[in-house]
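Good morning, colleagues. Please look at the sequence and the structure now on the screen, and I shall then go through several of its parts in turn.

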Amino acid sequence: MNGTSNMTTPIRVLIVDDSALMRQLLSTLLAADPEIQVVGAAQDPFDARDKIKALNPDVITLDVEMPGMDGLTFLRKIMALRPMPVVMFSSLTQAGAEATLEALEIGAVDFVAKPTNDVANAMAELAETLQAKIKAAARTRFRPRRAEAAPAPRVRPKIGRPTGKLLLIGASTGGVEALKALLLQLPEDCPPTLITQHMPERFTSAFAQRLDRECPMHVSEAKDGERMESGHVYIAPGGTHHLELNRNGGHFCCKLIDAPPVSGHRPSVDVLFRSGARTAARTIIAVILTGMGKDGAQGMLELRQGGAFTLGQDEGSSLVYGMPRAAFECGAVMRQYPLSKMGDAIVDACKGEGGAAAKRASA
């Protein structure tokens, strides 16, 4: 984290956007929160470079698409020369989604999808979310990506036999990179897996495609009624539906629910976990990863009470230790692991060797 930000010292924010309207809207909405101080606004990366030096912000908001130097190029420069928490703003398009995923990979902490219609009113409705994301960004355990050069992932041997297990995973802020890191630790024949990651519409399709290219198993956006198979990961569609686990005869399948947000989110981790608790708790391994807020905590508690094996990401490896903390503190999490050991814990649980990973994690 850059500097200190608490109740007495406002979080210093620099807004970088080529749209004068967006600069004004963001300044007004963020300044309405007494914990946030907008110290400046820049119309392009060149202007921003000078203002970063002069104003020393704690957090930057950065538009993905700008003339002259695009947001991704500038983000790379920030992460190389002056690493700090950055929240990206991008359009609700396929290209915007791809650019945002790349930004998160480069080192951005979080993102907000720009509304396309009635921008002023739509942004006002986003005010609380924007303020929360800025405050979460300032409090993250921010580490520049270059300082985290991870070894190349090993190819994990296949489990080689049906385990009868199902894997349910929930994540939010920081989850895009955490999920990729976790799936790279799992074997090609991982148990059928459902994931709810807080994301807007259109973004999860690009996210699933990216994971499918890079991870050993098949990854796709979940479809209603789709039969779940080993070696396949199904991601909840962003913004429009909740994802549930459903049983159809002797098979498990995905169920998409058109319902209002739950725990402030659609898709909601609580909805996914509660469906698992109703349907097949004793066959489930549930994992809660980095994220802001407490979505998933109560659903995971119901899973644990029903006989599921429940795991949480530890504080040290979480970008935002919100959701894992809430789940741990309410008694929902049986064991916490650093992200780097979570894959071992899952595979051991699939094989009925839940204690083995615990010994490795403490070693």
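This is a predicted model: local features need pLDDT of at least 70, side-chain atom pairs count only at pLDDT 80 or more; totals for chains, interfaces and linings use all residues.

Let me begin with a definition: two residues are in contact when heavy atoms of theirs lie within 4.5 Å. Leaving aside residues up to four places away in sequence, P10 touches P34, E35, I36, Q37 and D58. P10 and D58 are 48 residues apart in sequence, and their C-alpha atoms are 9.4 Å apart in space. P10 belongs to the segment before β1 (11–16).

Residues are numbered from 1 along each chain as its sequence is written, and side-chain values use heavy atoms, with hydrogens and water left out.

On elements, helices (H or I, at least four residues) and strands (E, at least two) are DSSP runs numbered from the N terminus. Strands count as paired if DSSP finds at least two bridges between them.

We come to the sheet. Seven strands make up an open sheet with parallel pairing, in the order β8-β9-β7-β6-β12-β13-β14. β8 (218–221) and β14 (335–337) are at the edges with a single partner strand each, so one side of each has no neighbour in the sheet. From one strand to the next, the twist averages 20 degrees. Within the sheet, β6 (residues 166–171) and β12 (residues 284–288) run parallel and are joined by five bridges; I169 stands opposite V287 in β12.

Two helices accompany these strands. For their angles, axes are lines fitted to C-alpha atoms, for helices over the stretch in contact, and the angle between N-to-C directions runs from 0 to 180 degrees. Helix α8 (residues 203–214) lies across β7 (193–197), β8 and β9 (232–235), at about 175 degrees to β8. Helix α12 (residues 339–350) packs on the sheet and touches β6, β12, β13 (309–313) and β14, and its direction makes about 175 degrees with that of β13.

Finally, the cysteines. A disulfide is a pair of cysteine sulfur atoms within 2.5 Å, and the count by this rule is zero. For C254, the nearest cysteine sulfur is that of C253, 7.0 Å away. The sulfur of C350 is 8.2 Å from its closest counterpart, in C190, which is too far for a bond.
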